[in-house]
Amino acid sequence: MHASTPWDALGDHLRETKLLGSIQSTLYWDQNTRMPSSGALWRGEQLTLLATQLHARQSSAAYADLVAAARQHWNSADQCPEQGRNLDLLEQDLQRQQSLDPALVAALAKAKAEGYNRWQQARSASDFSLFAPALQTLIDLRQEQAKQLDEPRSCWETLAQPFEPDLRLERLEALFAPLRQRLPQLVAQASTRPRPRSANWDLEESSQQQLCDQLLGAWGRDPAITCMARSPHPFSITLGPADYRITTRVVPGQPLSCFLATAHEWGHSLYEQGLPDQSHQWFAWPLGQATSMAVHESQSLFWENRV
């Protein structure tokens with residue numbers, strides 16, 4: 001069955017790409033929540049294979065033709081602003097994907113999987129040296145990625161673009177320079193004041209989980225589309241237009257850490273749940289995705305710190 005318009009053909013391609021990406025995300029979820037440690041090597045090969053297949057789809061000449069045809073169709077039609085913006089972002093990402101060597105994409109995927117396994121070992125042993133070589137490998141590969149992208153930005157700015165579009169170091173300096181001056185003063189003032197005695201108490205894991213369940217229930221969690229699990233570090237991830245996952249963790253001696261982590265990750269998930277996802281013209285398209293990590297984090301911190 002052929003798509004009726006170039007826009008539909010591009011949407012069908014993006015939907016299949018999104019399906020592959022969601023399989024990759026599902027493997028990542030399992031890696032963090034359920035996978036036994038001995039499965040790390042095979043999981044790394046799985047994620048590497050998917051990463052190379054996704055890159056091939058997102059950088060191929062056939063995909064470039066679909067984008068070009070959709071742009072030509074948009075130019076000759078009503079020029080819907082939303083469709084135009086989708087095409088702008090797709091063209092930008094296509095250029096970035098075509099700049100990358102497939103071998104580098106595979107090496108990055110493998111290094112991330114190996115790095116995560118090393119990080120878990122280092123965390124359990126409280127020994128950074130176990131993770132340091134994997135971290136250095138990732139840094140080297142990311143520097144090579146920035147070099148291949150060859151954008152008129154610093155290395156850090158280039159790598160930040162997918163997460164925070166158009167962010168410049170000058171903007172970060174303007175935001176954080178005042179804090180760099182003010183925060184030491186506040187710390188010094190606080191250190192001179194009497195400190196209240198810390199309470200020597202904790203909550204059973206079952207009680208902390210019950211508290212988190214009550215919190216999400218009060219905030220309108222729908223169990224039909226959401227799932228919560230435990231992981232070494234809490235995170236939120238979307239696996240489909242009706243599949244939203246969050247994780248939390250219990251830290252001995254910190255009875256409210258699980259509660260606050262759950263509130264934080266729920267803020268992330270709630271933002272994702274509010275994105276347009278009624279058709280492939282949204283969920284698989286750039287405008288159906290989160291705007292930036294700054295917006296994302298503002299939502300999670302709002303629910304954790306304000307609500």
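**Notebook: loop, strands, cysteines, patch**

I began at aspartate 222: a polar atom of its side chain lies 3.0 Å from the backbone nitrogen of alanine 224. I count a polar contact as a pair of N or O atoms within 3.5 Å; within protein, one must be able to donate a hydrogen and the other to accept it, and residues adjacent in sequence count only if both atoms are side-chain atoms.

The model is predicted: local features need pLDDT of at least 70, side-chain atom pairs count only at pLDDT 80 or more, and totals for chains, interfaces and linings use all residues. I number residues from 1 along each chain as its sequence is written, and side-chain values use heavy atoms, with hydrogens and water left out.

Where does aspartate 222 sit? I found it in the loop between α9 (205-218) and β1. Helices (H or I, at least four residues) and strands (E, at least two) are DSSP runs, numbered from the N terminus. Aspartate 222 has 35% relative accessibility, so I logged it as partly exposed. My cut-offs are buried under 20% relative accessible area, exposed over 50%, partly exposed in between (1.4 Å probe, protein chains only). I also checked isoleucine 237, 15 residues from aspartate 222 along the chain: their C-alpha atoms are separated by 16 Å.

Next, the strands. I call two strands paired if DSSP finds at least two bridges between them. Strand β1 (residues 226-230) runs parallel to β3, with five bridges. There, cysteine 227 stands opposite arginine 245 of β3. Strand β2 (residues 236-240) runs antiparallel to β3, with four bridges. Glycine 240 has aspartate 243 in β3 as its bridge partner. A hairpin of two residues joins β2 to β3. Is β3 (residues 243-248) mostly covered or mostly open? It is mostly covered, with five of its six residues buried.

Then I looked for disulfides, taken as pairs of cysteine sulfur atoms within 2.5 Å. I found zero. Cysteine 212 is in no disulfide; its nearest cysteine sulfur, that of cysteine 258, is 3.5 Å away. Cysteine 212 is buried, because its relative accessible area is 0%. Cysteine 155 is partly exposed at 34%.

Last, the surface. Leu175, Phe176, Leu179, Leu183 and Leu186 form a nonpolar patch with about 440 Å² of accessible area together. Patch residues have over 30% relative accessible area and no salt bridge, and nonpolar side chains (Val, Leu, Ile, Met, Phe, Trp, Tyr) are joined within 5 Å, like charges within 9 Å. A salt bridge puts a side-chain nitrogen of Lys or Arg within 4 Å of a carboxyl oxygen of Asp or Glu. I placed leucine 175 in helix α8 (residues 169-191). Leucine 175 is partly exposed, at 41% relative accessibility.

Definitions and conventions. Areas by Shrake-Rupley, 256 points an atom, 1.4 Å probe, with all protein chains shown as cover.
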